[in-house]
Amino acid sequence: MSGLLLRLAGPLQSWGERSTFDVRDTAGFPTHSGLLGLLACVMGRRRGESLEDLAALTFTIRVDRPGTRIIDYQTAGGALPPSMKVPTADGKGRPAGKGTVQTWREYLADAVFVVAVQGPSEVLDQVRHALRYPHWQPYLGRRSCPPDQPLLLDVPVEDPVAELCTRVPLARRVGKDEETVPVDFIFPVERRDGVRSEIHDVPVAFTSVDRAYSPRPVWRSTLTLPAELGVSTWREYPEQLRKYLNGKGVACHSG
């Protein structure tokens, strides 16, 4: 087993958990299916193709910034029966063939997550190559959500979870008198200090239609990280990332 690190940041992210056409929600952190979809995208795999090799990967998520949940209200036209049309001023709805449906789409604005990806070395080597040379543009849950760069924190990593605790810069402001900072993690395996919950995000059928997902448990834990991983001003964060990618680095204590 080895690992790599993904930094998921951008103006908007959306990681659907219970989405339907009318209401498309987002979970509060990247979902298993969404992360597999991101990797399958950069590897050039079409919907319905096998993800058996990627199923061996596990994801531990550090919540640098949870972001702000926002809702985008949209309308979409279509040939709908009168009962499904949005009423117009005269109460009759739009003409035949021009019916309108409403949708509410949730996003996380200004969120930042760093994900430790672990699994067989041969699979991770393929994933790393695809992230360096993506077949298709990666996106953060939806195609309308492109990621900031760097997406791949392309440094040698033996233990990516420990790396999140000790070296990877934290996208969070900390005060000059703070020595530690509490940070939430989402773990795929049981932890004594974790709060267990369940999420339906393991793809059973990953086709364009009739998608199906099975549940899995996750554990949310708050770890105490060194304040040195954070920044005093946002201008420092890109420079901290640059230094990290050039090989610098600080100890993490369970909270």
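Student: Is Asp-110 buried, partly exposed or exposed?
Tutor: Keep in mind that this is a predicted model. Asp-110 counts as partly exposed, because its relative accessibility is 45%.

Student: Which side chain does Asp-110 meet in a salt bridge?
Tutor: Arg-65, at 2.9 Å from N to O. The pair links distant parts of the chain, 45 residues apart. Asp-110 sits in the loop between β6 (99–109) and β7, and Arg-65 sits in strand β4 (residues 58–65).

Student: And why does Arg-65 count as buried?
Tutor: Its relative accessibility is 18%, and buried means under 20%.

Student: How many salt bridges are there in the whole structure?
Tutor: A search finds 11. One of them joins Asp-64 and Arg-62, at 2.7 Å from N to O. Both Asp-64 and Arg-62 are buried. Arg-167 and Glu-163 form a salt bridge too, with their closest N and O atoms 2.9 Å apart.

Student: For that last pair, what are the relative accessible areas of Arg-167 and Glu-163?
Tutor: Arg-167 has 25%, so it is partly exposed. Glu-163 has 10%, so it is buried.

Student: Back to the loops. Where is Gly-67?
Tutor: Gly-67 lies in the loop between β4 and β5. It is partly exposed, because its relative accessible area is 30%.

Student: What does Gly-67 touch, beyond residues up to four places away in sequence?
Tutor: Ala-109, Asp-110 and Ala-111. So Asp-110, the salt-bridge partner of Arg-65, turns up again as a contact of Gly-67, given that contact means heavy atoms within 4.5 Å. There is also a C-alpha distance to note: Gly-67 and Leu-108 are 5.4 Å apart in space, yet 41 residues apart in sequence.

Student: New topic. How many helices and strands does the chain have?
Tutor: Four helices and 12 strands. Of its 255 residues, 44% count as buried. The chain exposes about 13400 Å², and carbon and sulfur atoms supply 51% of that.

Student: How many residues are in the largest nonpolar core?
Tutor: 37. Among those with the most contacts inside it are Leu-6, Leu-8, Leu-39 and Val-127. The elements giving two or more residues to this core are β1, α1 (32–42), β4, β6, β7 and α2 (121–132).

Student: Which element gives the most?
Tutor: α1, with six residues.

Student: Take Leu-6. What is it in contact with, leaving aside neighbours within four places in sequence?
Tutor: Leu-39, Phe-113, Val-114, Val-115, Val-117, Leu-131, Leu-151 and Leu-152.

Student: Last topic: aromatics. How many aromatic pairs does the structure hold?
Tutor: Two. In one, the rings of Tyr-73 and Trp-104 have their centres 5.7 Å apart and their planes at 50°, so that pair is tilted. It links distant parts of the chain, with Tyr-73 in strand β5 (residues 68–78) and Trp-104 in strand β6, 31 residues apart. Tyr-73 is partly exposed at 44% relative accessible area, and Trp-104 is partly exposed at 34%.

Student: And Phe-185 with Phe-187: stacked or tilted?
Tutor: Stacked, because the planes are at 15°, with the ring centres 5.7 Å apart. Phe-185 is buried, with a relative accessible area of 0%. Phe-187 is buried as well, at 5%.

Conventions:
Residues are numbered from 1 along each chain as its sequence is written. This is a predicted model: local features need pLDDT of at least 70, side-chain atom pairs count only at pLDDT 80 or more; totals for chains, interfaces and linings use all residues. Side-chain values use heavy atoms; hydrogens and water are left out. A salt bridge is a side-chain nitrogen of Lys or Arg within 4 Å of a carboxyl oxygen of Asp or Glu. Buried means under 20% relative accessible area, exposed over 50%, partly exposed in between (1.4 Å probe, protein chains only). A nonpolar core is a set of buried Ala, Val, Leu, Ile, Met, Phe, Trp, Tyr and Cys residues joined through side-chain atoms within 4.5 Å. Accessible areas come from the Shrake-Rupley method with a 1.4 Å probe; for residues, only the protein chains shown count as cover. Rings of Phe, Tyr and Trp (its six-membered ring) pair if their centres lie within 6.5 Å; planes under 30 degrees apart count as stacked, over 60 as edge-to-face and the rest as tilted.
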